Amino acid sequence: MRRFRQGGAVPHPPCYVPWHKLAHEEPDMTHALIVIDVQNDFCPGGALAVTDGDAIVDGINALMGQADAVVLTQDWHPAGHSSFASSHADKAPFEVTQMPYGAQVLWPDHCVQGSNGAAFHPRLDQTRADMIIRKGYNPAIDSYSAFFENDQKTPTGLEGYLRTRGITKLTMVGLALDFCVNFSAVDAAKLGFDVEVRLDLCRAIDLDGVAFCRARGDDDGGGYSALSGASSTGAMLRISSASSPPSVASTATVARMIPMTRLITLAPVVPIR
Ligand code: VGL
Ligand code: ZN
């Protein structure tokens with residue numbers, strides 16, 4: 001709660017002007033770097049290795065100094081997690097199963113809590129992290145997005161952290177572009193953050209996009225192959241989420257546009273949750 005000096009007249013600002021803009025009392029901390037899942041299991045030699053996953057680490061470290069806040073996410077599954085193929089009879093890695101919350105790709109065992117595979121890549125500069133957020137620890141629900149578990153309802157708490165820090169702009173980097181980065185970027189835009197995905201500082205699991213589209217319950221497989229081209233050009237992808245006038249875009253629509261477009265500014269997206 002903001003306090004005012006006793007006795008002084010308190011000017012009443014128009015309600016649409018944020019107090020901190022008038023009073024200059026709060027630092028201009030608006031830009032966070034969100035580093036998604038730069039963990040050993042997603043790097044070469046890991047259980048769910050992404051090609052060249054480790055090639056982005058130095059570039060990510062270099063970006064940290066430019067952000068007002070740095071958040072690292074960490075995929076953090078209990079052994080026997082329901083997203084592991086090994087937890088399902090007759091299922092192999094990369095097959096899809098139905099969960100109560102929808103389609104779920106089944107993965108090799110990866111990022112098991114406390115294991116070396118779940119640790120951050122040794123070169124990732126953890127000392128700069130303001131916050132580390134873990135996800136996927138509920139045995140029954142996978143969590144690709146840094147904001148919501150795969151039931152698309154259970155929050156991780158990251159939104160509250162960013163909002164209470166006054167952060168409005170996010171730069172996203174990390175692994176894997178087609179899963180956790182993608183779902184995080186789409187959720188962030190729906191929540192009203194301005195999102196920039198640095199495609200040159202991401203790497204994808206599945207460059208054909210088949211598993212991705214299945215994970216979305218959208219088996220057309222179309223469009224996703226554009227990802228590899230976009231990624232290798234070092235292009236920036238921007239999702240602008242100014243809040244008015246509102247329009248509605250479905251998750252699938254937004255997701256499909258991400259890989260297909262090197263630099264996009266979407267029409268405003270309103271939360272549909
Ligand atoms: C991820 C699959 C399973 C990711 C995490 O970080 O993109 N992908 N768990
Ligand atoms: Zn995982």
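The model is predicted: local features need pLDDT of at least 70, side-chain atom pairs count only at pLDDT 80 or more, and totals for chains, interfaces and linings use all residues. Residues are numbered from 1 along each chain as its sequence is written, while chains are lettered from A and ligands numbered from 1 in the order in which they are written.

**Exercise 1. State how many helices and strands the protein has, and what share of its residues is buried.**

Step 1. The protein has seven helices and eight strands. Helices (H or I, at least four residues) and strands (E, at least two) are DSSP runs, numbered from the N terminus.

Step 2. Of the 273 residues, 41% are buried. A residue is buried if 20 or more other C-beta atoms lie within 10 Å of its own, exposed if 12 or fewer, and partly exposed in between, with C-beta atoms placed from the backbone.

**Exercise 2. Find the strands that pair with S1, and say in which sense they run.**

Step 1. S1 covers residues 31-36, and five of its six residues are buried.

Step 2. S1 is joined to S6 (residues 169-175) by six bridges, and the two strands run parallel. Pairing requires that DSSP finds at least two bridges between two strands. Histidine 31 has lysine 169 as its bridge partner in S6.

Step 3. S1 also pairs with S2 (residues 69-75), in the parallel sense, over five bridges. Here alanine 32 has alanine 69 as its bridge partner.

Step 4. S1, helix H2 (residues 57-64) and S2 form a right-handed β-α-β unit. Right-handed means that, with the strands pointing away from the viewer, the path from the first strand over the helix to the second runs clockwise.

**Exercise 3. Follow the chain from S6 to S7.**

Step 1. S6 and S7 run parallel and are joined by six bridges. Threonine 171 stands opposite glutamate 196 in S7.

Step 2. In S7, eight of the 10 residues are buried.

**Exercise 4. Describe the largest nonpolar core.**

Step 1. This core has 53 residues, and among those with the most contacts inside it are Ile34, Ile36, Met172 and Ala176. A nonpolar core is a set of buried Ala, Val, Leu, Ile, Met, Phe, Trp, Tyr and Cys residues joined through C-beta atoms within 7 Å.

Step 2. Elements giving two or more residues to this core include S1, S2, S6 and S7. H4 (177-190) gives the most, with nine residues.

**Exercise 5. List the residues around ligand 1 and sort them by class.**

Step 1. The residues are Asp37, Phe42, Asp75, Trp107, Tyr144, Leu175, Ala176, Phe179 and Cys180. Each has its C-beta atom, placed from the backbone, within 6 Å of the ligand.

Step 2. Seven are nonpolar, none is polar and two are charged. Ala, Val, Leu, Ile, Met, Phe, Trp, Tyr, Cys and Pro count as nonpolar, Asp, Glu, Lys and Arg as charged, and the others, Gly among them, as polar.
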